[in-house]
Amino acid sequence: MKLVFPHNEHKDFDLIGDSFTIGSSDEATIKIDTVGMNAIHAKLVKDGNDFTIEIDNPACMASVNGRLVKESKEVREGDLMIIAQVHCKIVGEEAEPQDDNRTRIRMALPKYVLRGVSGVYFGKTFPLRGKTSLGRHSDNDIFVNVDGISRKHAVISVMADTLEIEDMDSSNGTYVNGEKISKKTINIGDEIKLDNIRFLIQSPGMQADKKTQNFKTESVKQKQTVTQKSKTVTEEKTGSSGKWIVLVLILLAAAGGGAWYMGLLDKFL
């Protein structure tokens with residue numbers, strides 16, 4: 001038996017043994033260093049001719065034939081597993097596909113992705129296609145198993161040139177760039193907050209560095225800094241002008257006093 005990757009993004013792996021860990025760490029039996037993959041993301045355990053996939057952390061996303069893996073799920077030969085965003089199957093040696101010179105159609109990359117930037121979902125990405133539901137129930141497209149998230153919290157819809165997010169009457173609300181919304185058009189760079197869990201709208205190739213993750217926060221801070229600087233400059237100008245007026249008045253008073261003392265003002269009095 002071997003683990004194969006239909007999109008050919010990784011080398012096939014011979015499943016010789018009883019259990020195999022899958023993750024981005026060097027300690028993983030099957031190392032897959034890709035976006036959204038945890039250090040130890042999942043575990044494959046051999047059970048006769050079949051396998052079981054096990055997930056210890058609910059934030060580690062995996063599915064078998066489109067059904068989300070909560071803790072464990074049986075995997076049979078030919079079943080499609082999606083671990084993070086990696087597609088793979090378990091096949092027998094005799095089932096290895098032969099090259100028939102036909103063109104392989106690869107799954108198109110999504111135009112938008114949702115990247116977690118806080119909590120247990122930090123660094124994880126989720127493709128956005130059509131309508132994507134988010135919530136605490138496992139039937140949602142994005143399963144957010146965190147207290148404070150409603151069973152069906154929000155829905156993100158991919159439009160022709162933009163996206164739209166709608167709050168589904170959640171208990172703790174849906175926020176876009178800090179503003180509570182019921183429905184709103186969103187774009188790349190916008191921050192989505194469900195209770196205390198924050199996500200960013202990105203395109204698949206965007207880097208997950210601190211600058212990107214704090215895009216909105218830094219933008220607000222920069223605006224505040226510019227406003228404070230403008231206020232300071234205005235105050236300095238106002239203060240400086242006041243000082244000059246006082247100085248001129250003192251000089252005029254001194255000149256007047258000197259003239260009176262010397263009798264130069266007698267002819268005017």
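Among contacts in this protein (heavy atoms within 4.5 Å) between residues at least 6 apart in sequence, 37% join residues at least 24 apart. Keep in mind that this is a predicted model, where local features need pLDDT of at least 70 and side-chain atom pairs count only at pLDDT 80 or more, while totals for chains, interfaces and linings use all residues. Residues are numbered from 1 along each chain as its sequence is written, and side-chain values use heavy atoms, with hydrogens and water left out.

**Overall make-up**

- You get 2 helices and 22 strands here, taken as DSSP runs (H or I of at least four residues for helices, E of at least two for strands) and numbered from the N terminus.
- Out of 269 residues, 35% are buried, meaning under 20% relative accessible area with a 1.4 Å probe, protein chains only.
- The exposed surface comes to about 16,700 Å², with 51% of it supplied by carbon and sulfur atoms (Shrake-Rupley method, 1.4 Å probe).

**Strand pairing**

- S5 (residues 42–47) and S6 (residues 50–54) pair antiparallel over 5 bridges; to count as a pair, two strands need at least two DSSP bridges.
- Across from Lys-43 you'll find Glu-54 in S6.
- S6 also runs antiparallel to S9, joined by 4 bridges, and Phe-51 sits opposite Val-75 in S9.
- Elsewhere, 5 strands make an open sheet of mixed pairing, ordered S15-S14-S16-S17-S20. Its edges are S15 (142–143) and S20 (183–186), each pairing on one side only.
- S20 pairs with S17 (residues 163–167) in the antiparallel sense over 4 bridges, with Leu-163 opposite Ile-186.

**The largest pocket**

- The largest pocket holds about 1,200 Å³ of space. On a 1 Å grid over the protein atoms alone, a pocket is an open set of points where a 1.4 Å probe fits, with protein on both sides within 12 Å along at least five of seven lines; the volume is the space filled by probe spheres set on the points, which are joined across faces, edges and corners.
- It has 43 lining residues, and Ile-82, Ala-84, Gln-85, His-87 and Pro-127 are the closest to its centre; lining means having an atom within 4 Å of a point.
- That lining splits into 19 nonpolar, 14 polar and 10 charged residues, with Asp, Glu, Lys and Arg as charged, Ala, Val, Leu, Ile, Met, Phe, Trp, Tyr, Cys and Pro as nonpolar, and the others as polar.
- Strands supplying at least two lining residues each include S9 (72–75), S11 (86–91) and S14 (131–135), while S13 gives the largest share, 4 residues.

Note on methods: Buried means under 20% relative accessible area, exposed over 50%, partly exposed in between (1.4 Å probe, protein chains only).
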